[in-house]
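Please look over the sequence and the model before reading the points below.

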Amino acid sequence: MPTYDNETLDASADAAVIEEFRAHRGKVGGPFEGRDLALLTTTSAASGTPRTTVLGYVRRGDSLMIVGSGSGTPNHPGWYHDLLAHPVVGVEIGTGNHQMLAVPDRGAHNEELLDHALPAAHGTGGRSASAVRVPLVVVLEAADPEVWEGRPREIRTLADKLMEVHTWLRGQLRQVKAETEAHFAARAAHQGPGEPPAPGLGLQIRQRCLAFCQALEFHHTSEDDHLFPGIARYHPELGAVFDRLRDEHRTVARIQNDLAALLAGVGIADPQRFRTELAVMSAELNTHFDYEEKEIVPLLADVPWPPAPPAAAEGDADAGTAK
């Protein structure tokens, strides 16, 4: 479902821009020639299908900033609603393809950014004078945490892959904790009349936590549905281990839901209650990971990753030789 946020295109023209982008290492001609463009792939909030959008961007350090004008309409573009529901997005720049975390930035609307990042529409310039709302600015940052302690240097086995996922999830949890502490400290430091400043990290905390929860849910579902049954076929004596892990998955999922509900009101959340919930989740999750790494990881040390393609059947091999 390709779309172009800053210009109204029909489906064939839209697809053509994306095809040209990918065929020419991120460069396109026409009214977009010379612009810094990226392909943003989000997961539709309504259908769960991928949506690819062409957007202008500006680099800010290690992050990217993109702008959504909605073509001057009063409604936010569809991709914005997508990233609020699924904050981990795909970003293509040149020939590179990256997973990034999308965080709306309500305080980053400056003239230089908007003029640079909004591609010209039919050569008439960036923003429409008739726009009825302030264009959106979204920061794209690395989806991985800054600290990758213990990450295997090379992923060779399924054990390495499982440890990499655990390390990523632990890092996400640490980052959520750091961001919430920064927010609560800023709120506590407010003095003088008037309301405390709005939570500048509110959306960042929400997006980080949502990305963490979705990654954790996917990880646990994959284990319950695929990894554990596969191991159990060769190690039936571990039935009690897998039962315990599945029970812990359900417990962690319940705590995730409680934390997400608490996070929805982070601007007025009670700091101590939030810290307590986060500490409980952290302790249970790390206990679960420790147990899984002790009982499961050793069994995966000889399983190659990525898995080798299935060998051709003997009959197929003979047929190929005959040809």
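The structure is a predicted model. The protein contains eight helices and seven strands. Of its 323 residues, 41% count as buried.

**Overall features**
- Considering contacts between residues at least 6 apart in sequence, 72% join residues that are at least 24 apart.
- The protein exposes about 17,200 Å², and 54% of this area is supplied by carbon and sulfur atoms.

**Strand S2 and its partners**
- Strand S2 covers residues 37-43 and is mostly covered, with five of its seven residues buried.
- S2 runs antiparallel to strand S3 (residues 50-60), and seven bridges join the two.
- Within this pairing, Gly56 of S3 stands opposite Leu37.
- S2 and S3 form a hairpin that has six residues between the strands. In the turn, Gly48 has a positive phi of about 80°.
- S2 is also joined to strand S5 (residues 88-93) by three bridges, and these strands run antiparallel.
- Leu39 has Glu92 as its bridge partner in S5.

**Nonpolar cores**
- The largest nonpolar core has 19 residues, of which Leu169, Phe212, Leu216, Leu259 and Leu285 touch the most other members.
- Two or more residues of this core come from each of H4, helix H5 (202-234), helix H6 (239-263) and H7.
- Another core, of 17 residues, lies apart from the largest one; among its members are Leu64, Val89, Leu136 and Val138.
- Beyond its neighbours within four places in sequence, Leu259 is in contact with Cys209, Phe274, Glu277, Leu278 and Met281.

**Helix H7**
- Helix H7 consists of 25 residues, 271-295. From its first C-alpha to its last it reaches 36 Å, close to the 36 Å expected at 1.5 Å a residue.
- The buried residues of H7 include Phe274, Leu278, Met281 and Leu285. Ser282, His288, Glu292 and Glu293 are also among the buried residues of this helix.

**Thr157**
- Thr157 is located in the loop between strand S7 (136-142) and helix H4 (158-188).
- Thr157 has a relative accessibility of 15%, and buried means under 20%, so Thr157 counts as buried.
- Leaving out neighbours within four places in sequence, the contacts of Thr157 are Leu300, Ala301, Val303, Pro304 and Trp305.

Conventions
Residues are numbered from 1 along each chain as its sequence is written. This is a predicted model: local features need pLDDT of at least 70, side-chain atom pairs count only at pLDDT 80 or more; totals for chains, interfaces and linings use all residues. Side-chain values use heavy atoms; hydrogens and water are left out. Buried means under 20% relative accessible area, exposed over 50%, partly exposed in between (1.4 Å probe, protein chains only). Helices (H or I, at least four residues) and strands (E, at least two) are DSSP runs, numbered from the N terminus. Two strands pair if DSSP finds at least two bridges between them. Contact means heavy atoms within 4.5 Å. The expected span of a helix is 1.5 Å times one less than its number of residues. Accessible areas come from the Shrake-Rupley method with a 1.4 Å probe; for residues, only the protein chains shown count as cover. A nonpolar core is a set of buried Ala, Val, Leu, Ile, Met, Phe, Trp, Tyr and Cys residues joined through side-chain atoms within 4.5 Å.
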